[in-house]
Amino acid sequence: MTEPLYDEDPEPSERSPAGLLYVPFRPGPSGRTTLRLFRTPLGRRTAVGFTSRRRLVTTLGAEQAWIRLAAPALRALTAPLGVTTLTVDPQFTAPAAAPERATPAAPNRASSAAPAPASALRVG
């Protein structure tokens with residue numbers, strides 16, 4: 001059952017956060033800012049925002065640059081790129097996949113056949 005939305009409600013009943021989000025970015029070419037986009041475990045591109053700076057630092061590290069944007073503004077910036085998903089406060093991230101380094105083959109290595117654990121988001 002959905003909750004009704006009244007004109008005097010300060011926030012809508014939907015689950016999108018109110019207020020500004022901490023949005024990770026990286027320096028782009030010619031000094032321009034580029035939003036960081038991530039991927040969900042299923043490989044879908046997503047924009048990411050955090051409700052507090054502490055959550056951003058806990059997940060992405062203290063060196064991660066950020067800007068403050070409202071969720072509608074973040075969606076408007078990423079929509080032309082085909083990114084329609086917004087993930088708020090992800091708890092896990094993994095670095096982008098790197099090419100596997102060649103290592104000498106060891107016979108009967110059962111641990112190499114075990115799948116790696118999946119993460120909530122990965123840089124992409």
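Hi everyone! Let me start with a definition: helices (H or I, at least four residues) and strands (E, at least two) are DSSP runs, numbered from the N terminus. What we have here is a predicted model, where local features need pLDDT of at least 70, side-chain atom pairs count only at pLDDT 80 or more, and totals for chains, interfaces and linings use all residues. Residues are numbered from 1 along each chain as its sequence is written, and side-chain values use heavy atoms, leaving out hydrogens and water.

First stop, Asp-89. You'll find Asp-89 in the loop between strand 6 (85-88) and strand 7 (122-123). Its phi is near 55°, a positive value in a residue other than glycine. Is Asp-89 buried or exposed? Buried means under 20% relative accessible area, exposed over 50%, and partly exposed in between, using a 1.4 Å probe and protein chains only. Asp-89 has a relative accessible area of 17%, so it is buried.

Now look at Ser-30, in the loop between strand 1 (20-27) and strand 2 (33-35). Here, too, phi is positive in a residue other than glycine, with a value near 60°. Ser-30 has 76% relative accessibility, so it counts as exposed.

On to the sheet. Strands of a sheet pair through backbone hydrogen bonds, either parallel or antiparallel. For us, two strands pair if DSSP finds at least two bridges between them. Three strands form an open sheet in the order 2-1-5, with antiparallel pairing. At its edges are strand 2 and strand 5 (65-70), each pairing on one side only. On average, neighbouring strands of this sheet are turned by 50° against each other, ignoring direction. A word on angles: axes are lines fitted to C-alpha atoms, for helices over the stretch in contact, and angles run from 0 to 180 degrees between N-to-C directions.

How many bridges join strand 1 and strand 5? Six, in the antiparallel sense. Leu-21 stands opposite Leu-69 in strand 5.

What about the helices? Helix 1 (residues 53-60) lies across strand 1 and strand 5, at about 40° to strand 1. Helix 2 (residues 71-78) packs on the sheet and touches strand 1, strand 2 and strand 5, where touching means contact, that is, heavy atoms within 4.5 Å. The direction of helix 2 makes about 105° with that of strand 5.

Last one: Thr-46, in strand 4 (residues 45-49). Thr-46 counts as buried because its relative accessibility is 0%. Its side chain reaches the backbone oxygen of Thr-85 at 3.1 Å.

Methods. Polar contact = N/O pair within 3.5 Å; in protein donor to acceptor, adjacent residues only side chain to side chain.
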